[in-house]
Each structure stands twice: as structure tokens, then as C-alpha cells.
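Please look at the sequence and structure first.

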Amino acid sequence: MQPRNMSMSGVVDLAAVKAAQEAKAKAEQARAEAARQGGPGGVSPADLVIDVDEAGFERDVIQRSAEVPVVIDFWAEWCQPCKQLSPVLERLTVEYNGRLLLAKIDVDANQMLMQQFGVQGIPAVFAVVAGQALPLFQGAADETQIRQTLDQLVTVAEQRFGLTGLTVDPDAEPGAAPAAPAMPAGPYDALLEAAVQALDAGDLAGAVQAYKTVLSEDPVNSEAKLGLAQAELLQRVEGADPQQVRKDAADGPTDVRAQIAAADLDLVGGHVEDAFGRLIETVQRTFGDDRDTVRLRLLELFEVVGGDDPRVAAARRALARALF
């Protein structure tokens with residue numbers, strides 16, 4: 001099977017881009033400070049390549065992806081191309097010296113994960129960055145192609161998400177618990193509580209601002225990302241005339257604004273699959289900037305529902321098919 005390379009463009013707008021460079025600088029500063037103070041060492045090079053199963057996926061992939069981009073290698077013992085690709089991925093991961101983590105998933109033992117990612121054949125390689133999954137390539141690929149893809153992934157992770165990776169200590173014992181990542185300073189509990197109170201009081205603008213303040217310091221704060229997505233959704237539908245919105249959408253199947261407005265109403269009304277399906281169909285019918293506008297709104301709605309919801313996983317696969 002020939003490799004099917006995937007673009008990195010779909011991931012660059014998923015984080016708080018405004019704060020990305022600040023986050024990167026803070027992360028680098030934290031790493032340098034830990035080294036200066038002689039704090040706990042980093043991970044062993046051997047710990048950059050890990051075997052992951054369904055039970056540990058949330059901890060080993062989703063949670064770790066807030067620190068470092070996680071590359072997922074779907075493989076099986078009987079797969080001959082996997083035996084050629086996997087050693088290359090393992091070697092390159094070590095060469096990247098903490099900028100990547102490689103998670104190896106045996107598809108025979110983890111059928112549910114294979115289905116959730118929509119894997120049609122192996123080897124298949126995906127990445128998870130700050131909780132967001134994206135396909136990289138499927139099938140055999142030469143080392144030059146793999147390096148180019150990983151270089152793009154590292155660049156996106158650093159520049160857009162502020163993820164500078166893990167500190168690697170050649171002298172660390174394999175399997176030792178890595179040092180906990182330094183948390184940026186900030187009264188997050190108070191700000192998050194203020195945002196919730198603002199929502200309860202109907203002060204959507206106040207809630208949005210409180211969540212944005214948290215994300216300006218901590219772009220991968222999951223609670224703030226979810227809260228912001230929800231508050232902005234409520235802000236968009238506030239004062240809308242549902243009957244007129246749905247009429248506009250019915251009259252203009254290629255009207256991007258009309259379809260987005262209707263999808264927002266669908267989601268607020270609890271019709272999650274209808275909202276996702278509407279926008280995926282609009283992606284299929286549009287091109288250029290219009291298509292990108294719809295795609296970005298769909299990604300925002302994924303944030304509202306939550307990445308662990310099976311409806312989001314199914315919609316991500318449908319979106320990938322529509323785009324590629």
C-alpha cells in the first residue's frame with residue numbers, strides 16, 4: 001500500500017493561537033529553571049517509546065499530549081510492513097530527544113482503539129497534540145517522508161501549542177516516573193469559579209473573558225477550553241430566532257453562515273449528530289475559505305461535546321474523509 005500523507009494544516013487552529021508563543025517561552029523557561037536548580041531529571045530515552053492499551057490510553061496518550069506530541073503506531077505481529085516501519089519510528093523518536101513520544105498499539109489486542117481512529121489498514125500512524133487527534137500516514141513510508149511529517153508535527157506542537165516536549169536524561173532509570181510538568185503561575189481556581197458564576201448569572205461576555213484569561217497563561221487547560229467553547233456557543237445563539245435560522249439553512253444549503261448558525265442551534269438543542277452531520281455535509285459542498293470556516297466551527301463544536309464522546313470520534317473520521 002502506498003503511503004497516504006496527511007497535511008498538518010488541520011491542527012494549527014485548534015489551540016489558543018494568540019498565546020502560543022508565550023506558552024512556548026514559559027515552557028522553555030520552566031525547563032531551563034528545573035535544570036538550573038538541579039531538580040528531578042527527565043525521562044530515560046527508553047521511555048520515549050511505550051506500549052499502550054485501551055485501559056491506559058487516556059493516561060498515556062491523551063494526558064501526555066498536553067506535554068508532548070504523541071505519535072501513535074498501529075501495528076500487529078503478523079503485519080510485515082509494520083515490522084519495517086516500527087523500528088524506523090522508534091529510532092527517529094529517540095533521535096528527536098523528547099520532542100515526540102511514540103505510543104505503539106497492537107490492533108489485535110485493542111480493537112476498540114482501532115475502530116475509534118477509523119483505521120482501515122496497518123501500519124497506520126496518527127498523532128495526538130493537546131488532546132486533538134489527526135492522521136499522519138497509512139502504509140509503508142520511507143524515512144525521508146517520515147522525517148518531514150515529524151518535523152511538521154514538532155513545529156505545530158511548539159509554535160501553536162507551546163509544547164516543547166520532555167526533558168530526556170540519559171542517566172535516568174527506565175520506567176522512573178518523570179518529573180511533573182511545571183504549572184504556570186495563575187489564580188486558575190478563582191478565575192474558573194468566576195467564569196462558572198458568570199455563566200450562572202447569564203453574563204456570557206464575562207464568562208468568555210474569564211476563560212480567555214486562563215488560556216492566555218495556560219493554552220492547554222482543558223477545563224478552560226471546554227468552558228470557553230460552551231460560553232461562546234451560548235453567546236452565538238443568544239437572541240437568535242430559531243425558526244428564521246432553520247429557514248435560512250433550508251433555503252441555502254451552500255450558505256456557510258446559515259449552516260453554521262443552524263448547527264449551533266442543533267447542538268444547543270441536544271441534537272449533536274445533526275449538528276456534526278450538517279457541517280460535514282457543508283464541508284463537502286464548499287471550497288477554499290468557506291470550507292475552512294466550516295471546518296473550524298466543527299472543531300469548536302467538538303470541544304463543546306468533548307473529545308471522549310463517541311459521536312465526536314465518529315465525526316472526526318467523517319471530517320477526515322470529507323477533507324482528504
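**Salt bridges and a helix pair**

Arginine 91 has a relative accessibility of 37% and counts as partly exposed (buried means under 20% relative accessible area, exposed over 50%, partly exposed in between, with a 1.4 Å probe and protein chains only). This is a predicted model, in which local features need pLDDT of at least 70 and side-chain atom pairs count only at pLDDT 80 or more, while totals for chains, interfaces and linings use all residues. Residues are numbered from 1 along each chain as its sequence is written, and side-chain values use heavy atoms, with hydrogens and water left out.

Q: How many salt bridges does the structure hold?
A: Side chains of opposite charge can pair when their charged atoms come close. The structure holds 19 salt bridges, each being a side-chain nitrogen of Lys or Arg within 4 Å of a carboxyl oxygen of Asp or Glu.

Q: Which residue forms a salt bridge with arginine 91?
A: The side chain of arginine 91 meets that of glutamate 95, at 3.4 Å from N to O. Both residues are in helix H3, four residues apart, so about one helical turn separates them (helices are DSSP runs of H or I with at least four residues, strands runs of E with at least two, numbered from the N terminus). Glutamate 95 is partly exposed, at 44% relative accessible area. A network of salt bridges links Arg91, Glu95, Glu143 and Arg147.

Q: Which parts does the pair of lysine 104 and glutamate 90 tie together?
A: The closest N and O atoms of lysine 104 and glutamate 90 are 3.3 Å apart, in a salt bridge. Lysine 104 lies in strand E3 (residues 101-106) and glutamate 90 in helix H3 (residues 80-95), so the pair ties together parts that are 14 residues apart in sequence. Lysine 104 is buried, at 9%, and glutamate 90 is partly exposed, at 29%.

Q: At what angle do helix H11 and helix H13 pack?
A: Two packed helices are described by the angle between their axes and the distance between the axes. Helix H11 (residues 272-285) packs with helix H13 (residues 310-323) at about 10 degrees, and their axes are 9 Å apart. Axes are lines fitted to C-alpha atoms, for helices over the stretch in contact, and angles run from 0 to 180 degrees between N-to-C directions. H11 and H13 are therefore roughly parallel to each other (angles under 35 degrees count as roughly parallel).

Methods
Angles under 35 degrees count as roughly parallel, over 145 as roughly antiparallel, 65 to 115 as roughly perpendicular and the rest as oblique.
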